[in-house]
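Please open the two-chain model in your viewer and keep a selection panel at hand.

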Amino acid sequence: MSRTLFEKIWDSHIVLEQVNGPSLLYVDRHLVHEVTSPQAFDGLRMNKRIVRRTDLTFATMDHNVPTTDRSLPIVDQISSRQIQVLEKNCKDFGIELFDIHSPNQGIVHVIGPELGITLPGATIVCGDSHTSTHGAFGALAFGIGTSDVEHVLATQCIWMEKPTTFEIKVEGKRKNLHAVTAKDIILSIIRQIGTAGGTGTVIEYRGESISELTMEQRMTICNMSIEAGARAGLVAPDEKTFEFLRGKKYVPKNYDELVSHWRENLKSDTGAHFDKSFTLHADKILPQVSWGTNPAMTTDVTGIVPFPEEYSKGNPDEEKAAHKALQYMNLKPGMQITEISLDRIFIGSCTNSRLEDLIEASKVIKGKKISPKVRAMVVPGSQLVKKQAEQLGLDKIFKNAGFEWRESGCSMCLGMNPDILASGERCASTSNRNFEGRQGAGGRTHLVSPIMAAAAALAGHFIDVRELDLD
Amino acid sequence: MEQFKKIKSIVTPLDKVNVDTDQIIPKQFLKLVQKTGFGQYLFYDWRFENGDKPREDFVLNDPKYYDSKILLTRDNFGCGSSREHAAWALLDYGFRVIIAPSFADIFYNNCFKNGVLPISLDSQSVEKLFNNSFEVEVDLQNQTITTGDMAIPFEIERHRKKTLLEGLDDIAVTLQYEDKITMYEKSKSKF
């Protein structure tokens, strides 16, 4: 019988199946960070349990870490404590840790792929909802809560009810390959299917405009699957995937053998049945800007801030939410998106902080200066990204333009470290969530691509990047 | 985990869709390394202004609901971040039952791990509760919500019901299958 890619990975990881109940799945890779793990390790200690497979478990610190000079002590005592607790837990339980001084430190979803911890066909979990990122490699990867982190540490397995399957096809070609990015594709998808559109499903992204994407772009797409409510997002691996991972530090020794197996098996069979399907035409996608307080509240850069009654299409709950969002965002319906002026620019996060994102953004600002009204910041996703970018001289381009060039971490995507918005500040951000207060209490977030953020930094307001000469 | 008994309480109506876990428990409170003490920070930015002054127009600040154990809300509750701190905060505050038309997956799962019962009801029944409810009784064993002369049945997966009613420790259950895990590692594991 023909099966989807998801079903193949699912089937090959079943340890135990029950009638009318969840299955016990084996976990191939477990990524751990400082915020969602302390209580899990405590639980192990209390019950005198050990970590079953330390060789499949990797830890780093990313959410809390300052992005300023790493040779200085961490000022925030509570953050500092959480970081020390992770160090102690990794030491006590024998887990490999990429600590704040490691050349491999970075956002957990950036370092997984760049170290070859992420592998096609693998099951990957982490106590972070953006674990869906790793699906770009054809891995079944999803976020879990702390109780499940403890469960995976102790058993290397997870109980899970089988999600349904959701095919999202992005057909045709983008009209402008620089100005219309992977971020715009995924924001367009979420805008159309809604923040709960993928609930209970594993999405497989398919179609011409997915195949042509680089691995980094596919990561951007899969990363935001959770913003559509999905358990996970997947792209079938291909030669680009195999080449990306080849030679990475942690890929298994029998890599070539694995590649032959993956090439043969890791794709949905012709005629495989998906429970749901949605098609998008890439040539119709324009640069996107979010205007509200969830990622579905997004529109084209050429558009206007919508009127709640039109946006909600007759749903009273959504209409109320839109009114509230506009009030929070301090925006008036009918105003042009390009009239929205900005105080802050953030280029970073597990969505858009990889080398390619920084290269694309740097093209816009090279030899130019940011608007005197804005404060702009680049936070590379990992120490490795930072190093590679510096080798290309990107740090100088950004700094010369007036950007701050920071150390790696989650930073202002969620503002757990000192990088936050002040109340009322408005930010063009390459991150993934524009929830109320996400980047700082009272802060206002507009989600955009790196190139849109860079262009907005120069202008001090949003501009349509299709007007720029980007080649 | 504590066994789940019948819950009788006034219902706190939170009339919002897409309540994300960043609202349930803002990030500045995720730095604690225990599971307790999060209740005081529940819905922090909606509950307080300038850090400590209760906002009068927020439902949790209405004295009528101070002892409520049941939260009633709208679609897609708990979306966004996987932070289990959201479930810990609700529990620590005193909520044992959340009723909504739908929940986000990770949050839904996290609730059961902590003895919190999320009930998905059709929108019509949720609407009825928003309009009528004062005190209701939630009976997990019989899968009903009763208020006045209205009894609303609800669905729940059998294994989840069992977990709550018996207060089972997930890990202990799984470790009973350790031979199967070892067998998988020996024969099927590819990495």
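Select chain B and display its contacts (two residues are in contact if their C-beta atoms, placed from the backbone, lie within 7 Å). Among contacts in chain B between residues at least 6 apart in sequence, those joining residues at least 24 apart make up 68%. This is a predicted model, in which local features need pLDDT of at least 70 and side-chain atom pairs count only at pLDDT 80 or more, while totals for chains, interfaces and linings use all residues. Residues are numbered from 1 along each chain as its sequence is written, and chains are lettered from A and ligands numbered from 1 in the order in which they are written.

The C-alpha atoms of chain B occupy a box of roughly 60 × 45 × 25 Å along the principal axes.

Next, select chain A. Its secondary structure comprises 16 helices and 19 strands, and its C-alpha atoms fill a box of roughly 55 × 55 × 45 Å along the principal axes. In chain A, residues 24 or more positions apart account for 77% of the contacts with a separation of 6 or more.

Finally, select the contact between the chains, which takes 53 residues from chain A and 42 residues from chain B. On chain A, the elements that each supply at least two residues to the side touching chain B include β1 (14–16), α3 (77–93) and α5 (146–155). Of these, α5(A) gives the most, with 6 residues.

How values were computed. Helices (H or I, at least four residues) and strands (E, at least two) are DSSP runs, numbered from the N terminus.
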